[in-house]
2 protein chains.
Amino acid sequence: MNKLIGNAVVGQSGGPTSAINATLVGVIQGVMKTDEGKECIKTLYGMKHGIEGLLSEDLISLKEIFEDEKNLTTLKHTPAAALGSCRKKLPDLESGIDTYEKILEIFKKYDIRYFFYIGGNDSMDTVAKLSRFMASRNYEMRILGIPKTIDNDLVATDHTPGYGTAAKFIATTIQEVIRDCAVYRIPAVTIVEIMGRNAGWLAAAADVGKYVGAASPDATYFPERDFDMDSFYADVEAALAKHPNVVIAVSEGIKFADGRYVGEGQQSGAVDVFGHKYLSGAAKVLENAVKEKFGCKVRSIELSLPQRCAAHLGSKTDLDESVELGQAAVVAAAEGANGEMMLYRRVSSNPYKCEFAHSDVSSIANEVKALSDEFINDTANGITKECAEYILPLIEGEAYPEYKNGIPSFFIF
Amino acid sequence: MNKLIGNAVVGQSGGPTSAINATLVGVIQGVMKTDEGKECIKTLYGMKHGIEGLLSEDLISLKEIFEDEKNLTTLKHTPAAALGSCRKKLPDLESGIDTYEKILEIFKKYDIRYFFYIGGNDSMDTVAKLSRFMASRNYEMRILGIPKTIDNDLVATDHTPGYGTAAKFIATTIQEVIRDCAVYRIPAVTIVEIMGRNAGWLAAAADVGKYVGAASPDATYFPERDFDMDSFYADVEAALAKHPNVVIAVSEGIKFADGRYVGEGQQSGAVDVFGHKYLSGAAKVLENAVKEKFGCKVRSIELSLPQRCAAHLGSKTDLDESVELGQAAVVAAAEGANGEMMLYRRVSSNPYKCEFAHSDVSSIANEVKALSDEFINDTANGITKECAEYILPLIEGEAYPEYKNGIPSFFIF
């Protein structure tokens with residue numbers, strides 16, 4: 001493979017995570033510190049708000065900013081895409097050829113030969129399309145996707161950067177909520193709603209405690225299994241018979257056998273003061289159902305946004321790996337990888353060992369990886385030991401930001 | 001003052017906090033390690049579920065458990081009342097004399113001469129009544145209340161144990177949410193609901209960033225000021241004109257001028273599939289109002305339970321002080337304090353210095369301390385510099401629990 005020398009551009013896209021900036025740190029370090037990066041890449045641009053910033057030439061030169069090592073450390077622990085993100089999906093090659101021509105023009109103008117895109121499914125689609133177009137125009141480039149999503153639902157990779165930190169926040173918060181719920185003696189049911197519209201990976205993290213001598217919810221439900229009200233009531237009843245303080249974890253994406261989201265149930269008829277239909281979460285629907293059925297105290301909680309931005313409690317494993325994956329992307333690109341996505345390949349869980357690799361992005365984009373069958377128990381209300389063994393290494397170790405005046409210091413461009 | 005020698009009992013009551021166990025640690029250390037505690041107190045009992053456990057003689061001897069220092073450290077970082085809590089309020093002395101006679105009998109049976117009650121307003125009421133009764137029966141005792149509440153709404157004390165940690169979690173989470181919201185370029189309003197039914201102390205913590213060069217919400221609203229929809233719309237409009245990503249913080253207890261809670265607005269007419277009236281939070285109501293008025297993307301978040309149990313991010317100042325206040329309570333009791341509540345007296349904010357004191361509990365119980373007038377800005381949508389100077393020392397320093405298998409280790413009796 002010939003040595004390709006030129007400039008590089010890096011961007012972030014899709015929903016924010018607590019590790020997406022750690023991967024950006026890795027790309028910056030890959031360019032500034034690895035032999036391959038130093039040899040091949042002269043200037044490293046950051047595109048603001050992903051591909052939108054590229055199209056509007058909203059680019060910032062990154063090397064100068066990060067000569068100060070301290071900025072890299074702060075950036076590593078900063079949640080959400082520091083360069084800004086977008087939801088833009090590139091058009092089809094056929095119908096949207098103008099967009100691709102414009103990008104090519106910008107690449108030529110800035111002598112950009114390396115394109116790193118940190119994102120989820122849609123971003124991998126962008127990577128696939130861009131690399132196909134550039135190849136068709138014989139513009140030599142190395143276009144690489146680097147995954148990120150708290151949902152952990154990308155195929156081909158063992159897990160996704162950002163999942164470990166979200167999973168650690170959920171596993172930790174569940175421990176705290178269970179302690180909080182345990183203080184009174186009166187029967188009460190607390191239903192905790194966890195992110196994950198299409199896959200139960202995040203909800204699964206709530207349940208790891210039971211395999212390591214810690215607390216765990218009385219039942220945990222996943223979108224991968226039909227949600228059945230009778231089984232749910234039976235689980236709640238059995239739990240209430242054991243102890244007064246019942247805690248249930250549910251994925252936001254749980255569905256009935258007929259395909260309706262459980263969260264949809266609330267919509268029928270409910271209208272607020274403004275005449276809007278009320279869109280509820282699954283936990284709120286189940287809160288009302290339990291209240292109706294058992295008459296006991298019930299409360300629902302959505303863990304909400306902090307699941308994807310609680311950088312104050314990072315998984316050390318996740319953040320360190322995310323940095324290393326970014327570095328590895330630069331090396332892989334310098335060595336010739338193009339149109340591929342970086343990925344983790346697990347060598348072993350105990351001791352935990354993961355390798356970096358890359359694979360053709362077109363087989364990855366637009367696929368969703370569900371929670372494996374062998375990771376869900378037979379009664380569809382909890383995880384298996386195998387699942388805990390999969391998750392536990394990913395939440396190992398604590399990574400904390402620096403604080404100033406009692407609040408965390410984050411990096412802002 | 002004569003030296004009173006006997007046994008002691010300690011209990012926790014009211015809503016959980018992340019620091020209520022730190023105060024328990026302090027009482028245990030006060031008994032086991034201070035000269036006064038060692039001289040005067042032989043056995044230290046913990047009552048399970050507060051006064052209910054005392055009445056049912058559900059008592060556990062604490063010294064043996066905590067000879068192992070490690071247990072004390074774990075307990076200090078455990079959220080929610082480890083001994084269990086209750087919401088029981090003792091009856092009036094006149095009508096409920098039997099209850100008091102029973103308690104006296106139990107005190108005599110266990111030779112209990114010291115009673116430490118860690119709790120909020122209702123718990124201070126229990127302390128006041130108990131000490132009055134015991135004095136009336138000439139049963140010599142030292143009955144002390146030790147405050148705790150995340151709400152910071154107790155009078156007489158500069159602040160309450162537990163507030164600092166809740167405030168730190170809120171101040172930190174707001175920084176993270178603002179970063180998360182900043183990633184896109186399309187106009188969007190995010191409304192964050194913060195605990196505090198009667199006082200705006202917790203919401204105030206969301207706004208400290210602006211006085212220390214960090215981020216802060218575009219507007220923050222408190223229950224101490226009438227909530228006016230027109231002013232709110234004007235604030236949102238002005239913020240949207242400045243930047244696309246608007247973040248608003250509201251106290252759950254904000255009210256309209258006519259006394260109705262903003263959260264009540266949602267109830268009228270909204271009925272769910274089970275025919276229940278839907279009770280919403282203030283943020284949800286404002287989400288719908290902004291959607292109606294501005295037509296932009298709007299989202300509401302309740303920070304919910306983690307505000308009072310997120311022990312994974314303790315304020316070091318809060319937890320250390322809470323321990324010391326518990327120790328000071330034992331010393332004060334041994335020296336003769338009775339029918340009083342322990343309290344903080346601030347000597348200075350910069351450098352921060354607080355002293356421990358105690359004061360007659362009957363003047364404290366059943367009073368609510370609102371956010372001071374000089375702490376709210378003239379436009380009633382943010383805090384003043386004086387308020388930030390008050391709050392900042394209380395969230396200073398990070399106190400982290402120990403982790404095992406990636407999740408925090410908590411103490412369970």
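Reader: How do the axes of helix 1 and helix 4 of chain A cross?
Author: In this predicted model, the axes of helix 1 (residues 20-33) and helix 4 (residues 69-76) of chain A come within 8 Å and cross at roughly 150°. Axes here are lines fitted to C-alpha atoms over the stretch in contact, with angles from 0 to 180 degrees between N-to-C directions. Helices (H or I, at least four residues) and strands (E, at least two) are DSSP runs, numbered from the N terminus.

Reader: So are helix 1 and helix 4 of chain A roughly parallel or antiparallel?
Author: Helix 1 and helix 4 of chain A are roughly antiparallel (an angle over 145 degrees).

Reader: Which residues make the contact?
Author: Helix 1 of chain A brings N21(A), A22(A), L24(A), V25(A), I28(A), Q29(A) and K33(A), while helix 4 of chain A brings E69(A), L72(A), L75(A) and K76(A). Contact means heavy atoms within 4.5 Å.

Reader: Switching topic: how many residues of strand 4 of chain A are buried?
Author: Seven of the eight in strand 4 (residues 112-119) of chain A, so the rest of the structure largely encloses that strand. Buried is under 20% relative accessible area (1.4 Å probe, protein chains only).

Reader: And what does strand 1 of chain A pair with?
Author: Strand 1 (residues 6-12) of chain A pairs with strand 4 of chain A, parallel, over six bridges; pairing takes at least two DSSP bridges. Q12(A) stands opposite I118(A) in strand 4 of chain A.

Reader: Which way do strand 4 and strand 5 of chain A run?
Author: Parallel, with six bridges joining strand 4 to strand 5 (residues 142-147) of chain A. There, F115(A) stands opposite I143(A) of strand 5 of chain A.

Reader: What about the numbering and the cut-offs?
Author: Residues count from 1 along each chain as its sequence is written, and chains are lettered from A and ligands numbered from 1 in the order in which they are written. Local features need pLDDT of at least 70, side-chain atom pairs 80 or more, and totals for chains, interfaces and linings use all residues, while side-chain values use heavy atoms, leaving out hydrogens and water.

Note on methods. Buried means under 20% relative accessible area, exposed over 50%, partly exposed in between (1.4 Å probe, protein chains only). Angles under 35 degrees count as roughly parallel, over 145 as roughly antiparallel, 65 to 115 as roughly perpendicular and the rest as oblique.
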